[in-house]
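Hi there,

Here is the model I promised to pass on. My notes follow below it.

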Amino acid sequence: MLSKELVAASTTTLVLSILSERENYGYALIQRVNELSGGNVQWSEGMLYPVLHWMEKEELIESEWREAESGHRRKYYRLRKEGRKALHAEKEQWMAVHTLLTKLWKTQPV
Amino acid sequence: MNEAIRRWQQNLGASPAFKADNLEELASHLSASIQKLAATGLSEEEAFLIAMRRLGERGALEREYAKVNSSRTWVMAAFWVVLGVFVVDLRRAMESSFSILLMWNKPDPRQHAFTFFGVLSLMEYGLTALLILIAYRLAARREKGHNDFVRRCLDRPFWTIICLVGFFMLVRFLPLIVIALTAAQATAQRTVLRHSWQDWLPWAATVLWNVILAATTVVLARREFREVSPAVRSDRSQEEMPRDL
């Protein structure tokens, strides 16, 4: 299980990455994370939404209410240009950490 | 089950940290989550409880939302203060108009002083109570998220401001209009025509003050209530949003 600090640090990056696949709504984002992480990354579900609104304020993403096939109203989010740039920058940083750790752990296996 | 979600939503809505839009989104999340849980064989009640639990503790949620919506709490406070000033002004205008109407053709106003002040204080309490009642009704209806009249007004800010100021001016100038229309010429001359341009300056200031008040009220109200109920634009948006981003 991921620590609280790491969850907090990675949320924006995860949201940006999932939204870069395609636009989506909050509940589906959580489902996607659960599915891909095999339950290792657990978001406190309600906390995702303030993050989404903050990202919207920062103009990383934008949102729109829409009626789903089932008739439920859902708020869809999608990446904006700034978000795409941010994702690019985040990717470089995470990859830098990843590469570094991989190199270290190769020479000194845990 | 929808009833339970709606109650929960209303309960949460008491906190200023949440916008109506936020609550709707959370409710939409809850119902999706409940549906999924219920599909695994849980009872509706169990599904509801687990979905709530997963959503997180209320206090924490409120804090996080308050952080994001912090500018809103400020806007909300400012809105109610400005609205309050506007309403108090309106009440005073009503009172002064009323007292002028009541007294203008009495030969000796002192004889009527007792009735006059009696009626005036009754009016003061009555109007205050009435205005509070109206504010309460509006707020209560707003919580339900549907107030077409207010929304329509906010969609046309310019006309709303004109109407507000117009109404205010009507209240203010009513005695002058009535007196000018019905009075014997001598009285009319005394009350209306004697005014030189300097006497009109306070009136001009009143108009200006009211325009500023009305505009501030409407602008703040737009910031505050604009997102209450976002319109559904399902068909058009499908075209606008390419699926493969």
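Two strands pair if DSSP finds at least two bridges between them, and strands (E, at least two residues) and helices (H or I, at least four) are DSSP runs numbered from the N terminus. This is a predicted model, in which local features need pLDDT of at least 70 and side-chain atom pairs count only at pLDDT 80 or more, while totals for chains, interfaces and linings use all residues. Residues are numbered from 1 along each chain as its sequence is written, chains are lettered from A, and side-chain values use heavy atoms, without hydrogens or water.

In chain A, strand β1 (residues 24–25) is joined to β3(A) by 2 bridges and runs antiparallel to it; Tyr25(A) lies opposite Tyr76(A) there. Strand β2 (residues 61–67) is also antiparallel to β3(A), with 7 bridges, and Glu64(A) has Tyr76(A) as its bridge partner. Of the 7 residues of β3(A) (73–79), 6 are buried, meaning under 20% relative accessible area (1.4 Å probe, protein chains only).

Now the interface: 33 residues of chain B are in contact with 28 of chain A, contact being heavy atoms within 4.5 Å. The rule finds 2 salt bridges across it, each a side-chain nitrogen of Lys or Arg within 4 Å of a carboxyl oxygen of Asp or Glu. One of them links Asp21(B) and Lys75(A) at 2.6 Å, N to O. On the side of chain B that touches chain A, α2(B) gives the most, with 12 residues.

Happy browsing!

Conventions: Buried means under 20% relative accessible area, exposed over 50%, partly exposed in between (1.4 Å probe, protein chains only).
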